[in-house]
Each structure stands twice: as structure tokens, then as C-alpha cells.
Amino acid sequence: MKKPKVSKADIASFIPQKAPFIMVDNLINATPEKIETDFLVLEENIFLENGTLREFALIENIAQSSAVGLVVLEKFGQDRPVEGFMGGISKLKVFDLPRVNDTIYTIVTLVTQMGNMFLMKGENYVNGKKMLECEVKLIGV
Amino acid sequence: MENLKYTLKEQIIAELNLQDITPEDIEDDTPLFVEGLGLDSIDALELVVIMEKYYGVAITDESIGEKVLYSINTMAAYIQEKNAEKQ
């Protein structure tokens with residue numbers, strides 16, 4: 001397997017969230033075309049309900065994946081960890097939800113940017129099956 | 001120009017999923033943000049998407065965005081200006 005661009009050990013230095021709210025393990029790759037991350041759903045994940053990860057954890061995963069990728073791509077936030085907030089969620093579609101021990105593979109693309117405002121499109125997959133897709137607006141502060 | 005303005009209004013309504021608003025409700029020269037259409041600054045991203053997706057006009061600078069995205073008139077004028085530069 002290819003070495004991640006940012007590994008689980010370092011991911012916390014890129015985003016303001018602390019455990020147990022970190023919803024990204026590794027930044028697999030980041031290019032101007034797409035940002036890829038993975039995340040293993042552990043039994044102790046606080047967003048599990050009856051062994052299933054809730055949808056807002058997937059949205060958070062997309063937001064955190066975006067933040068790490070945008071920093072690596074030097075789009076913003078050269079002072080780490082980056083500070084910001086989610087300004088909106090749109091075009092949300094939920095197809096399925098991951099379960100304990102599933103690894104979520106996430107692809108995020110930058111739709112547009114104006115200053116420190118970013119519109120990101122994200123998709124979560126487990127074993128090739130799409131779980132959720134949405135657009136999130138991220139605002140860096 | 002009038003067609004462009006009307007199309008812009010339709011695209012804004014669709015992209016921002018504005019409920020109970022028709023193109024006729026949006027004045028050409030009133031501000032789109034706050035007191036006009038009531039959009040907030042984060043909604044500007046959807047307007048940037050419209051400018052890129054339908055007209056090939058990129059706006060990455062916030063200070064330019066502030067002027068261009070002020071009203072339907074300013075958006076239409078900027079599209080025409082950029083199209084003229086391309087020809």
C-alpha cells in the first residue's frame with residue numbers, strides 16, 4: 001500500500017478537533033483534482049448507534065478530509081492546526097451507513113473557492129459502495 | 001442583456017434552492033445580500049459556482065467578489081466584460 005501523505009499519527013496537527021472527535025485516519029493523497037482519506041470505524045467511536053455510524057459523522061469526515069487536504073495543497077491555513085467552521089451542507093444524499101470495523105474511503109473535490117471560503121464535494125465509500133455524498137461549505141478563520 | 005439577467009435570476013433560485021421566489025421578485029439593482037434577497041456571505045460560493053459553471057468566469061478574490069456579486073446588474077456586467085475580453 002502507498003504511504004499516506006499524512007498518517008494517523010500526524011493528522012491531529014492539521015485540524016482543531018481532538019480525540020474522540022477526529023473522523024479521519026490517513027490522508028492517502030491530495031492533488032488539485034481530488035483529496036483521498038481513509039478512516040477505520042472502531043468499536044469505541046462515539047457516533048455509533050447500534051453498531052452503525054451516524055450520518056453526521058460521515059459529513060464530519062468529509063469536512064475534516066477537506067481541511068487536511070486543503071492545508072497540504074497550500075490552499076489555506078499555513079498555521080496549523082487550521083481554524084474554521086462548516087458554513088453549510090447541501091445536496092446531501094445518504095445511501096447506506098458504515099458499520100464497526102468498516103474502513104471508510106473518502107474522496108473530496110474542491111468545487112470552488114473565494115478567499116478563505118471553500119465549497120467542497122465529498123463522497124464516502126465502503127468496499128466500493130457509496131455511503132453518502134454532499135457538498136459542504138468551509139470557512140477558514 | 002435582459003435575457004442574461006433573467007437567466008441569472010433563474011440560476012440563483014435553482015442553485016440556492018430559494019423557496020417561493022420567482023425571477024420577477026428579484027430586482028436588477030438591489031443588493032443580493034442582506035437587505036435585498038437576504039443572502040449571507042457564505043451563499044456567495046453558490047454565486048461563484050454559477051459564474052464559473054455557466055459563464056466560465058472565475059472569481060477567487062473576495063474583494064472582486066464583493067463588487068461583482070453585489071446585484072444582478074453587476075453580475076451581468078462582469079460576465080459581459082469578461083466575454084468581451086475573450087473575443
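The following legends describe close-up views of a predicted model.

**View 1. The open sheet of chain A.** Six strands of chain A form an open sheet with antiparallel pairing, in the order β1-β2-β6-β7-β8-β5. At the edges lie β1 (26-30) and β5 (84-94) of chain A, each of which pairs on one side only. Direction ignored, neighbouring strands of this sheet are turned against each other by 25 degrees on average.

**View 2. The pairing of β6 and β7 in chain A.** Strand β6 (residues 103-114) and strand β7 (residues 117-126) of chain A run antiparallel and are joined by nine bridges. Within this pairing, Q113(A) has F118(A) in β7(A) as its bridge partner.

**View 3. Helix α1 of chain A on the sheet.** Helix α1 (residues 55-72) of chain A packs on the sheet. The strands of chain A that this helix touches are β1, β2 (35-40), β5, β6, β7 and β8 (129-140). The direction of the helix makes about 55 degrees with that of β8(A).

**View 4. The interface between chain B and chain A.** Contact between the chains involves 16 residues of chain B and 15 residues of chain A. About 1,200 Å² of area is buried between them, and carbon and sulfur atoms give 66% of this area. On the side of chain B, the residues that lose the most area to chain A are I42(B), L45(B) and E62(B), which together account for 49% of what that side buries. Helix α2 (residues 44-55) of chain B lies across β5, β6, β7 and β8 of chain A, and runs at about 80 degrees to β6(A).

**View 5. The packing of α2 and α4 in chain B.** The helices α2(B) and α4(B) pack at an angle of about 35 degrees, and their axes are 12 Å apart. The crossing of α2(B) with α4(B) is right-handed. From α2(B), the residues L47(B), M51(B) and Y55(B) meet M75(B), Y78(B), I79(B), N83(B) and K86(B) of α4(B). This contact comprises six nonpolar residues, one polar residue and one charged residue.

**View 6. The packing of α1 and α4 in chain B.** Helix α1 (residues 2-15) and helix α4 (residues 72-86) of chain B pack at an angle of about 115 degrees, with 10 Å between their axes. The two helices are therefore roughly perpendicular to each other. Their crossing is right-handed. In the contact, L4(B), K5(B), L8(B), K9(B) and I12(B) of α1(B) meet I72(B), N73(B), M75(B), A76(B), I79(B) and Q80(B) of α4(B). Seven of these residues are nonpolar, two are polar and two are charged.

Terms used:
Residues are numbered from 1 along each chain as its sequence is written. Chains are lettered from A and ligands numbered from 1 in the order in which they are written. This is a predicted model: local features need pLDDT of at least 70, side-chain atom pairs count only at pLDDT 80 or more; totals for chains, interfaces and linings use all residues. Side-chain values use heavy atoms; hydrogens and water are left out. Axes are lines fitted to C-alpha atoms, for helices over the stretch in contact, and angles run from 0 to 180 degrees between N-to-C directions. Helices (H or I, at least four residues) and strands (E, at least two) are DSSP runs, numbered from the N terminus. Angles under 35 degrees count as roughly parallel, over 145 as roughly antiparallel, 65 to 115 as roughly perpendicular and the rest as oblique. A crossing is left-handed if the near helix is turned anticlockwise from the far one by less than a right angle, and right-handed if clockwise. Contact means heavy atoms within 4.5 Å. Ala, Val, Leu, Ile, Met, Phe, Trp, Tyr, Cys and Pro count as nonpolar, Asp, Glu, Lys and Arg as charged, and the others, Gly among them, as polar. Two strands pair if DSSP finds at least two bridges between them. Buried area is the accessible area (1.4 Å probe) that two parts lose on being put together, summed over both.
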